[in-house]
Amino acid sequence: MERRSIVIIGAGSAMFTQGLVADLIVSGGAWTLGLVDIDPAALDVAVGLSRRMVEAKGADIVLESSTDRRDLLPGADVVVITIGVGGRRAWEADVFIPRKYGIFQPVGDTAMPGGISRALRMIPAMVDIANDVLKLCPQARFFNYANPMTANCWAVRKATGADMVGLCIGTPHVIHDLARFLGVPVQEVTALAAGLNHFTWIYDLRHQGRDAWPQVRALVARERGLGERSKAADLAPGGDTIMAAELSDRFRVADSPFTWSLFEAYGAYPAVHDRHVVEFWPERFPQGSYYGKTLGVDCFSVEQTIAHGDRIYADMRAQALGEKPLDERIFSRAVGEHSELVDIIRAMDADRRQVYYANLPNRGAIPNLPSEAVLEMTCVATAQGLRPLQELRYPDILAATIQRTICAVALAVEAALTGNRRLFVEALLADGAVSDAGVAGKLADELLAAQAQYLPQF
């Protein structure tokens, strides 16, 4: 088998790198894997962990590394971006500063002020990378996993014309969950989806070719009924314990109450569940109020998420440096952002016409949404690349929910590319988390000051 070359830019994102290396090992073949990170310490961790994994399995993977991507890009077959400008500390500022203004975010990497702030510092770096790819390996298949996905992909295409494809595991993950909800093998389930990354409507769901939504609706109604009966009986011994077990054995309505309420209202299910989807409806959750809890604080705690990431990185560092034995579980093909990349590459190489979900310019695929907007859509893997399936009947009511965020993203992209503070303020207002122009201006200035070292364009 011909040796293929993959370059990961932002390889210090060790979780992604570890998963991709495991996939390359499990899938077989001959690979040259180039690891790039501007942080030498993070790069050492990625290289050390990758080397131990390759040696443990005797895989035919040649490792290369550099803090300068231009050393490894020439001749690359595949380029993957996983960067996070400013790392977790900058992410904290994106989330914590808006809290002073009564804005609470459970993630803060895509929408609302945190996602917009992140776009401002990510986009210049993304554009620089894309220009290098066009210059040094224009033939390479070019993928992005970095958030905010929509803004990053849109900005890169607008500024450089690079054919960069955005990938995220969110929509496939939700389809798996819906299969579990139905109690059927995921291999028997197919779906059509379109929207924005982290807010993608799954509007057609089928089990063995038959419309699965009626069965989903029946199960939702049944679960709501079981829940009420369980409350009434207070789960008395011998009474509703069987029903309680049924509710706990699978993905439940109670796990994402807001998203399921949208399903009941719109007839489609948005990925990726409540943790992400609520950020596209900020007016529904004033002061972060979410079913008796506060978003990002005691529900989907950002502090806990970031601390968990720090612990994972520390564990990987210990394995990379030989301070701990290599965990054999690292080789299992766990679901993660990396998990479809090798399959997609091989599907395109062989022109298999398999279906995936990717972030690409609309260009008429969804006629009732803007042509140049980057949408997450059902795509087919061809030898010419991933191609979106056209959907002439995409419901207008779904398109209407997407349109507002598209406006905010367009403003954020232009603000990031030009360093225009006024457009940053307008993006905050268009997003919907802020309704007062004076407050938006103060929030914008505080975020710009906190992230100034990463904002050369301002």
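Predicted model: local features only at pLDDT ≥ 70, side-chain atom pairs only at ≥ 80, totals over all residues.

Student: Fine, helices then. At what angle do α14 and α15 pack?

Tutor: Helix α14 (residues 421-431) and helix α15 (residues 437-450) pack at an angle of about 120°, and their axes are 9 Å apart. Since angles over 145 degrees count as roughly antiparallel and 65 to 115 as roughly perpendicular, α14 and α15 are therefore oblique to each other. The crossing in which α14 passes α15 is right-handed.

Student: Which residues of α14 and α15 meet there?

Tutor: From α14 the contact takes Arg421, Phe424, Val425, Leu428 and Leu429, and these meet Ala437, Ala440, Gly441, Leu443, Ala444, Asp445, Leu447 and Leu448 in α15. Sorted by class, this contact of α14 with α15 holds ten nonpolar residues, one polar residue and two charged ones.

Student: And α3 against α15, what's the angle and how far apart are the axes?

Tutor: Helix α3 (residues 87-99) and α15 pack at an angle of about 150°, with axes 10 Å apart. That angle makes α3 roughly antiparallel to α15, and α3 passes α15 in a right-handed crossing. The residues that meet are Ala93, Asp94, Ile97 and Pro98 in α3 and Leu443, Glu446, Leu447 and Ala450 in α15. By class, the contact of α3 with α15 has six nonpolar, no polar and two charged residues.

Student: What about α4 and α13, how do they cross?

Tutor: The axes of α4 and helix α13 (residues 396-418) cross at roughly 55° and come within 9 Å of each other. They are therefore oblique to each other, and the crossing of α4 and α13 is right-handed. On the α4 side the contact is made by Ile116, Ala119, Leu120, Ile123, Pro124 and Val127, and on the α13 side by Ala412, Val413, Ala415, Ala416 and Leu417. By class, the contact of α4 with α13 has eleven nonpolar residues, with no polar and no charged ones.

Student: Changing topic: which residues in the largest nonpolar core touch the most other members?

Tutor: That core has 124 residues, and Ile6, Leu386 and Tyr394 are the ones that touch the most other members. Its largest share, eleven residues, comes from helix α4 (residues 112-136).

Student: What is Ile6 in contact with, apart from its sequence neighbours?

Tutor: If neighbours within four places in sequence are left aside, Ile6 is in contact with Leu20, Leu24, Trp31, Thr32, Leu33, Gly34, Val78, Val80 and Ile345. There is also a second, separate core of 25 residues, which includes Ile175, Ala191, Leu205 and Tyr269.

Student: OK, backbone now. Where are the cis peptide bonds?

Tutor: One of them is the bond from Asn147 to Pro148, with omega near 0°, and Pro148 lies in the loop between β5 (141-144) and α5 (149-160). Another is the bond from Ala271 to Val272, which is cis with omega near 20°; Val272 is placed in the loop between β10 (269-271) and α10 (273-277).

Student: And which residues other than glycine have a positive phi?

Tutor: Among them is Phe300, with a positive phi of about 55°, in the loop between β12 (293-294) and α11 (302-320). Arg363 also has a positive value, with phi near 45°, and is found in the loop between β13 and β14.

Student: Are those two buried or exposed?

Tutor: Phe300 has 25% relative accessibility and therefore counts as partly exposed, whereas Arg363 is exposed, with a relative accessible area of 53%.

Student: What about Ala373, where does that sit?

Tutor: Ala373 is in the loop between β13 (355-361) and β14 (374-382), and at 1% relative accessibility Ala373 counts as buried. Leaving aside neighbours within four places in sequence, Ala373 is in contact with Trp154, Leu360, Pro361, Asn362 and Ile406.

Student: Last one: which residues of α9 are buried?

Tutor: In helix α9 (residues 257-266), the buried residues include Phe258, Thr259, Trp260, Leu262 and Phe263. Just after α9, Gly267 takes a positive phi of about 75°.

Notes. Residues numbered from 1 in each chain as written. Heavy atoms only, no water. Axes fitted to C-alpha atoms, helices over the stretch in contact; angles between N-to-C directions. Helix = DSSP H or I, 4+ residues; strand = E, 2+ residues; numbered from the N terminus. Parallel < 35°, antiparallel > 145°, perpendicular 65-115°, else oblique. Left-handed = near helix turned anticlockwise from the far one by under 90°. Contact = heavy atoms within 4.5 Å. Nonpolar A, V, L, I, M, F, W, Y, C, P; charged D, E, K, R; others polar. Core = buried A, V, L, I, M, F, W, Y, C linked by side-chain atoms within 4.5 Å. Buried < 20%, exposed > 50% of the residue type's maximum accessible area, 1.4 Å probe, protein only.
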